[in-house]
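Hello,

I am passing on the structure we talked about, and I would be glad if you looked through it before reading my notes below.

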Amino acid sequence: MSGMTVKAAVPVIEAAALTIDYQTDRGSVRAVEDVSLTVGEGERLVLLGRSGCGKSTILKSIAGFVKPHSGAIRIRGREVRGPGPDRIVVFQEFDQLLPWKTVRQNVEFPLRIARDLPGEQIRARAEAALRRVGLARAMDAYPHTLSGGMKQRAAIARALVTDADILLMDEPFAALDALTRRQLQEDLLRLAEEIGFTLLFVTHSIEEAILIGTRLHLLSAHPGRTVASFDTSGFGWDDLASPAFERVAKEVHQILFAPDREHADTPTKEPARD
Amino acid sequence: MTDLAPDRPAENAAAAPGPGARAAAQLRRSGLGRKLVVLLALAAIWQVAAVLADKPILFPTFTATMGALWDALRNENILLAAWTSLAVLLKGYVFASLLALVLVSLAIVNSLVREGLQMLIAMFNPLPAIALLPLAMLWFGLGERSLLVVLTHAVLWPFALATLSGFDSVPETQRLVGRNYGLKGPAYVVRILIPAALPSILYGLKIGWAFAWRTLIAAELVFGVSSSSGGLGWFIFRNRNELYTDKVFAGLAMVIIIGLVIEGVVFRLLETLTVRRWGMQR
């Protein structure tokens with residue numbers, strides 16, 4: 001391999017030939033077939049596809065919640081054997097915050113479980129994380145008193161409070177209203193710039209995918225297969241209306257809604273582009 | 001005590017949740033004044049009916065009952081009888097609740113235990129605890145041990161059922177959050193499942209309490225004295241034999257009052273401090 005001479009950094013997240021089945025009453029159904037992806041240090045990879053493409057399933061298997069049928073998942077070269085606090089998941093559901101804990105206690109929770117910091121430091125770090133996401137004033141509120149946007153902010157703070165530099169986000173803003181979503185997207189990008197975490201982000205919004213991601217991975221549905229890949233690192237908030245942004249968005253749209261993809265059973269091979 | 005009286009329908013409906021519980025919640029919100037009115041109206045109806053019936057030996061008036069209760073409090077140590085009952089009850093209640101928690105936690109991790117527990121619940125939950133009393137007496141003799149066996153039976157199955165269904169309905173996301181941070185085994189049960197299922201667990205504790213109280217009084221009626229002094233059931237039984245019907249009513253009133261205090265003060269407080277505060281229950 002000629003690549004040997006290149007500085008072959010071990011990817012942060014690596015999934016190789018991932019095939020995932022899930023069990024239903026009528027037997028097992030293939031959710032994901034032969035998907036490979038890598039996410040490098042500080043990269044933000046977005047999985048985009050229509051519902052049923054298995055994007056959440058891929059994220060859950062990388063998180064260690066779902067065991068793949070075949071294929072390998074490695075985090076910094078080490079095989080994933082189950083869930084772990086080195087990869088923190090932010091879910092779409094608001095009830096990911098534990099209702100019996102205040103916002104502060106929720107954010108402190110992963111540190112208290114890890115038990116390797118004294119109480120004072122745990123408090124200080126939780127407060128810093130909450131300030132970072134703009135929740136300094138709601139620290140001692142219980143989750144049920146918060147708005148959806150605040151709940152997701154708290155969940156992001158809980159993800160940032162640990163030393164984990166890998167974030168797995170499963171449509172975290174999908175249940176928010178449009179304005180709140182925009183605000184949180186901005187904040188997420190700001191945090192990503194500041195902290196430089198590695199992000200795997202699942203969404204069904206084309207615009208969100210191009211904005212958030214440095215790279216875009218398109219999946220077909222039933223079962224999920226990789227159909228295309230885009231470099232979207234150049235796009236920021238100022239490019240929303242730019243021709244380049246529109247061109248990519250249109251292309252993504254065309255691939256996702258290509259007529260032959262309506263028929264799930266016919267395997268379509270699309271050349272992956274970069 | 002008066003402000004608790006309208007909670008009575010809630011206790012009666014305890015076996016069938018849903019509309020009953022909701023109606024009870026509405027009643028609770030309705031304020032002290034209305035409760036007092038209801039209570040006074042009930043007392044008035046009782047008084048009028050008893051006066052009209054004019055058979056004080058069979059059906060004493062409200063005032064006669066209150067007089068008898070007052071007398072029993074002062075001269076017959078009905079509080080000691082109540083305490084005798086409660087002390088036995090608490091032992092059985094705590095033991096059965098802890099046992100149920102252990103069993104349900106095991107059922108969560110092991111599907112074989114789970115099937116077994118579900119089967120046992122299906123078998124024993126409908127079996128009235130009092131029906132076990134003759135057997136318990138045969139095996140353990142006349143005494144506290146028999147009572148404890150029956151009490152454990154009365155609390156264990158309904159509480160295990162409520163807790164199991166509570167664990168089952170813990171949101172998937174919260175389970176995943178716990179696993180994400182590396183929680184496993186007992187730590188996972190204690191830090192995620194139990195708090196997340198607390199509304200159901202408290203509900204099960206309430207049901208278990210009602211069943212235990214009911215069972216104990218009934219057992220004492222059959223049993224007579226379980227210790228030197230005898231409990232409330234024995235108080236009722238003894239006074240019936242001597243045809244002090246007003247004292248029988250006073251004993252019944254005591255049973256009701258204690259039930260209301262536990263439901264309306266202890267459990268209400270527990271709920272206010274936990275699930276209501278957390279927005280897990282309205």
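This is a predicted model: local features need pLDDT of at least 70, side-chain atom pairs count only at pLDDT 80 or more; totals for chains, interfaces and linings use all residues.

Domain 1 of chain A is made of two stretches, 1-86 and 165-274, while domain 2 of chain A covers 95-163. Where the two domains touch, 12 residues of domain 1 of chain A are in contact with 10 residues of domain 2 of chain A. On the domain 1 side of this contact, helix α5 of chain A (residues 178-195) gives the most, with 6 residues, and by class that side has 9 nonpolar, 2 polar and 1 charged residues.

Turning to the two chains, their contact takes 19 residues from chain A and 15 residues from chain B. On the side of chain A that touches chain B, β6 (87-90) and α2 (103-114) of chain A each supply at least two residues, and the largest share, 3 residues, comes from α2(A). By class, this side of chain A has 14 nonpolar, 3 polar and 2 charged residues.

As for confidence, the model scores ipTM 0.87 and pTM 0.81. The mean pLDDT of chain B is 86, with 87% of its residues at 70 or more, but over residues 1-17 of chain B the pLDDT is below 50, although this stretch has 36 contacts in the model beyond near neighbours in sequence. Please keep that pLDDT below 50 in mind when you look at residues 1-17 of chain B.

Best wishes

Conventions: Residues are numbered from 1 along each chain as its sequence is written. Chains are lettered from A and ligands numbered from 1 in the order in which they are written. pLDDT is the predictor's confidence in each residue, from 0 to 100. Two residues are in contact if their C-beta atoms, placed from the backbone, lie within 7 Å. Helices (H or I, at least four residues) and strands (E, at least two) are DSSP runs, numbered from the N terminus. Ala, Val, Leu, Ile, Met, Phe, Trp, Tyr, Cys and Pro count as nonpolar, Asp, Glu, Lys and Arg as charged, and the others, Gly among them, as polar. Domain bounds come from an automatic or database domain assignment.
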